[in-house]
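Please read the following account alongside the sequence and the coordinates, moving from the secondary structure to the domains, the helix packing, the sheet and the ligand.

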Amino acid sequence: MKGIIFTSFIDLVEEKFGLEMLEDVISSAKLPNNGAYTAVGTYDHSQLIEMVMILSEKSAIPATDLVKAFGEHLFGVLSKTYPDLLEGLDSAFELLENVDGFIHIEVLKLYPDAKPPSFDCRRIDDNQLEMIYHSPRGMGDVAEGLILGCAAYYSQNIEVQREKKEPDNGETERFLLTLRSGAKPNE
Ligand code: HEM
């Protein structure tokens, strides 16, 4: 997995929990590189999972919540790092429909060793989008966080319903997204 994912995680841990916690997590995770990541390097995704599990233990915050919050933060980092990829995409659904066929394809051109997940998208109507996530890395919580980060980027309110698919190993998940109107009637 590309280093930008790791550097974003490390920056967020330091920002939210402090340097001491970050150092504690890195030393407990017994990482081969001692937590030294570069944005363009490639590392085993199990190192990220290990750090999340340790942070969850030390902070008493469920790993799922940590990973979703990380995904939301990550969208902000990715959108700032690759602004060209967002050009012409004017809403969260428009962007999300382009993750598989455009954004992650461009990522692969930049980094042929990247392994992004795949998504099958189906627009049900103006307010509903179905995304089926497939990845042997089973990072549905990251996906959910990225979806919410994308909605926040466009100041849109999107409700996410999630359903694991059989076999329940996290490799395939269905996300049903519903666009809620932000303003209440008569406001
Ligand atoms: C500006 C937009 C985006 C960029 C530039 C981007 C780029 C990337 C990159 C570089 C990776 C790491 C792949 C690797 O190194 O193996 C990645 C992974 C991932 N991306 Fe995206 N991405 C974007 C938006 C999204 C969105 C909106 C979603 C959710 C619908 C998404 C879902 C994921 C997931 C879940 C992973 C983790 C790997 C996995 O599940 O197998 N991405 N993306």
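Helices (H or I, at least four residues) and strands (E, at least two) are DSSP runs, numbered from the N terminus. The model is predicted, and local features need pLDDT of at least 70 while side-chain atom pairs count only at pLDDT 80 or more, whereas totals for chains, interfaces and linings use all residues. Residues are numbered from 1 along each chain as its sequence is written.

The protein chain is divided into domain 1 (3-61) and domain 2 (70-180), with bounds that come from an automatic or database domain assignment. The C-alpha centres of domain 1 and domain 2 lie 23 Å apart. Their contact takes 7 residues from domain 1 and 7 residues from domain 2, where two residues are in contact if their C-beta atoms, placed from the backbone, lie within 7 Å. On the side of domain 1 that touches domain 2, H1 gives the most, with 5 residues.

Helix H1 (residues 3-17) also packs with helix H2 (residues 19-28): their axes come within 7 Å and cross at roughly 135°. That makes H1 oblique to H2, since angles under 35 degrees count as roughly parallel, over 145 as roughly antiparallel, 65 to 115 as roughly perpendicular and the rest as oblique. Axes are lines fitted to C-alpha atoms, for helices over the stretch in contact, and angles run from 0 to 180 degrees between N-to-C directions. In this contact, Ile10, Val13, Glu14 and Phe17 in H1 meet Leu19, Met21, Leu22 and Val25 in H2.

Turning to the sheet, 4 strands form an open arrangement in the order E1-E2-E4-E3, with antiparallel pairing; two strands pair if DSSP finds at least two bridges between them. Strand E1 (118-125) and strand E3 (157-164) each have a single partner strand and stand at the edges, so one side of each is left without a neighbour in the sheet. The twist averages 20° from one strand to the next. E1 and strand E2 (residues 128-134) pair over 7 bridges, and serine 118 stands opposite histidine 134 in E2. H7 packs on the sheet, touching E2, E3 and strand E4 (172-180), and its direction makes about 165° with that of E3.

Around the ligand there are 26 residues, of which Lys2, Pro117, Ser135, Met139 and Leu146 come nearest; a residue is near a molecule if its C-beta atom, placed from the backbone, lies within 6 Å of it. H1, helix H4 (63-81), helix H6 (99-110) and helix H7 (140-153) each supply at least two residues of this shell, and the largest share, 5 residues, comes from H7.
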